[in-house]
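Here are some friendly notes to read with the model open beside you. Take the points in order and find each residue as you go.

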Amino acid sequence: FAPRDVVVLANDGNNATLLATPYSGKHVAVVQWQLGSKEGQVTPVNWCEAPWHPALVKRAPKGAGAGVVTSCLDDKKLLYVSAKDWTATPTELARFDRVARQARPSTSGKWVYVALEIGPQNARVDMDTGEVQHLDAERAGAVSVAALSDDMVIWGEANSVYLQRFDAAGKVLETRWLRPSGFPTELQLIDLDGDGERDLLILNSSGQLADVFYGPLWDRALNKL
């Protein structure tokens, strides 16, 4: 298949374990590759329908350790695979009634936030207890997500980006806004200018531009669009 995403699962300098996921279909590829080699050893694994945008996590419910999570676009669920065996059968962490577009962990690994399309809710999963909290969202949910902290999150939706602060129960305390130039399908938090504050890089799937918003992001976001 043509890979939509590739994630480095492990790397010791000379040997790397990579994960490639498809635009559509149920199979992913776990690739063992040695530096300098022209080919890797590929192990296909059946995950779910359209496993988009996998992300590394530090822990998972029931004492499970580090691994990788992915949202399943068409199957509307969140899966986890342990780092102990990247080719193992995935564990289902949550199931939703809307499209699960993207999942990303919070800064400590306490939560995994899930961007849900088509409806005014997103979600987060407690990676200690397995509890699923449904979060009030703006308009049609979100297509992308990045966490500034455990309880402060950035969501991307059609032609806008909104920041939310949550309490321990998942109640929205405040919402602020940024205006991207296109459709923000990937959000990356990077200190681009070296001032100690994380900046927001937005990769848009429409238009010809990427956007950069310099931190502190919460302080510079708008109270309304």
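Predicted model: local features only at pLDDT ≥ 70, side-chain atom pairs only at ≥ 80, totals over all residues.

1. Residues are numbered from 1 along each chain as its sequence is written, and side-chain values use heavy atoms, with hydrogens and water left out.

2. Since 7 of its 7 residues are buried, β10 is largely enclosed by the rest of the structure. Buried means under 20% relative accessible area, with a 1.4 Å probe and protein chains only. On one face you will find Trp-111, Tyr-113, Ala-115 and Glu-117, and on the other Val-112, Val-114 and Leu-116.

3. Now look at β9 (residues 99–105), which runs antiparallel to β10 and is joined to it by 6 bridges; two strands pair if DSSP finds at least two bridges between them. Gln-102 has Ala-115 of β10 as its bridge partner. The two strands form a hairpin with 5 residues between them, and Gly-109 in the turn has a positive phi of about 90 degrees.

4. Strand β11 (residues 121–126) is also antiparallel to β10, with 4 bridges. Here Val-114 stands opposite Ala-123, and Tyr-113 stands opposite Arg-124. This hairpin has 3 residues between its strands, and Ile-118 in the turn has a positive phi of about 65 degrees.

5. Finally, step back: 4 strands form an open antiparallel sheet in the order β9-β10-β11-β12. β9 and β12 (132–136) stand at the edges with a single partner strand each, so one side of each has no neighbour in the sheet.

Key. Buried < 20%, exposed > 50% of the residue type's maximum accessible area, 1.4 Å probe, protein only.
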